[in-house]
Amino acid sequence: MNEHENIRPSQRLLALDTATSSLAVAVMEGGRVLAERTIHAERNHSAYLVTAIGDCLKAAGLAKQDLDGIAVGVGPGSYTGIRIAVTTAKTLAWSLRLPVYGVSSLAALALGGWASASGQDAALGELAARRGAPAGPARPALAAGGDAGGESAPTAAGSHWIAPLIDARRGQAYSALFAAPAPGGLPERLEPDAIRLMDGWADELKRQLEQLPAEERPARLWFVGETEKHEAAIAPLIAAFGELVQLVPYELEGAWVGIAGVARTVLPADDVHALEPNYTQLAEAEAKRLRLRNA
């Protein structure tokens, strides 16, 4: 059994993520953001992370010893970036004897991107401050990777779909699919974290939308995050569905990593020694397709 399994949900939580071009750090208390740091530090996270953590704790008026837990984005994303955050989080958790919680970086990106794009910042902020964590059953969208229950969550007509994107080069992106079923709600997972060929991913989402009757389609499909390099792949979706499909460039912010981290604490903590980055890999069919393209 995990030694931290029976510890109460963290009240003072340090959350950090370096899976994207953003270095995102936040200090939370009971779901409220005490301090955050968001730095564009692509390829140089290691030079700034420890300082950003120290600055965040100082701004929050806390010492490391005041923390009750640590949440860390485990990816997918930059291989080097993920390792920096996960190694730092595990070292702090081990040295301070704190529980550590792995968070999907794509789930945090989806949460912040959709909130910013759809005007839900205030509603989600109030939700976090009021509850400190989602009410009811733990929400699989914020687990470290994959589907917490092994099945996709149901979605309702009029809900929003969110497809976060982290560029993986050569026409690929780390992505997943989430649904936000109600204003002020937290995203729920529909498709797992994976590295995907963007033209194939766009085709799959187009197929899913086409199979739904018009009245059962989501109100919007938001592509959020590193969208710029994938506009051409998404163009057929826009041509087919018009304003239903929205592209929103967005850099991950510390506050949303923190809120995702708070939500994650309703599940058991991870084993500090066993926690690993979630690198993901292409499905065999997509890998073969990529090899043929580059042959």
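What is the order of the strands in the open sheet of 5 strands? The order is β8-β7-β6-β9-β10, with mixed pairing. Strands (E, at least two residues) and helices (H or I, at least four) are DSSP runs, numbered from the N terminus. Two strands pair if DSSP finds at least two bridges between them. The edge strands, β8 (188-197) and β10 (245-249), each pair on one side only. On average, neighbouring strands are turned by 20 degrees against each other, direction ignored.

The model is predicted: local features need pLDDT of at least 70, side-chain atom pairs count only at pLDDT 80 or more, and totals for chains, interfaces and linings use all residues. Residues are numbered from 1 along each chain as its sequence is written, and side-chain values use heavy atoms, without hydrogens and water.

Strand β9 (residues 220-225) pairs with β10 in the parallel sense over 5 bridges. In β10, P249 is the bridge partner of G225. Helix α3 packs on this sheet and touches β6 (160-169), β7 (172-180), β8, β9 and β10; contact means heavy atoms within 4.5 Å. The direction of α3 makes about 120 degrees with that of β6. Axes are lines fitted to C-alpha atoms, for helices over the stretch in contact, and angles run from 0 to 180 degrees between N-to-C directions.

Helix α3 is mostly covered, with 11 of its 14 residues buried (under 20% relative accessible area, 1.4 Å probe, protein chains only). Among them are L106, L109 and W114. After α3 comes G119, with a positive phi near 75 degrees.

Elsewhere, β2 (residues 22-29) and β3 (residues 32-40) pair in the antiparallel sense over 8 bridges. L23 stands opposite I39 in β3.

Conventions:
Buried < 20%, exposed > 50% of the residue type's maximum accessible area, 1.4 Å probe, protein only.
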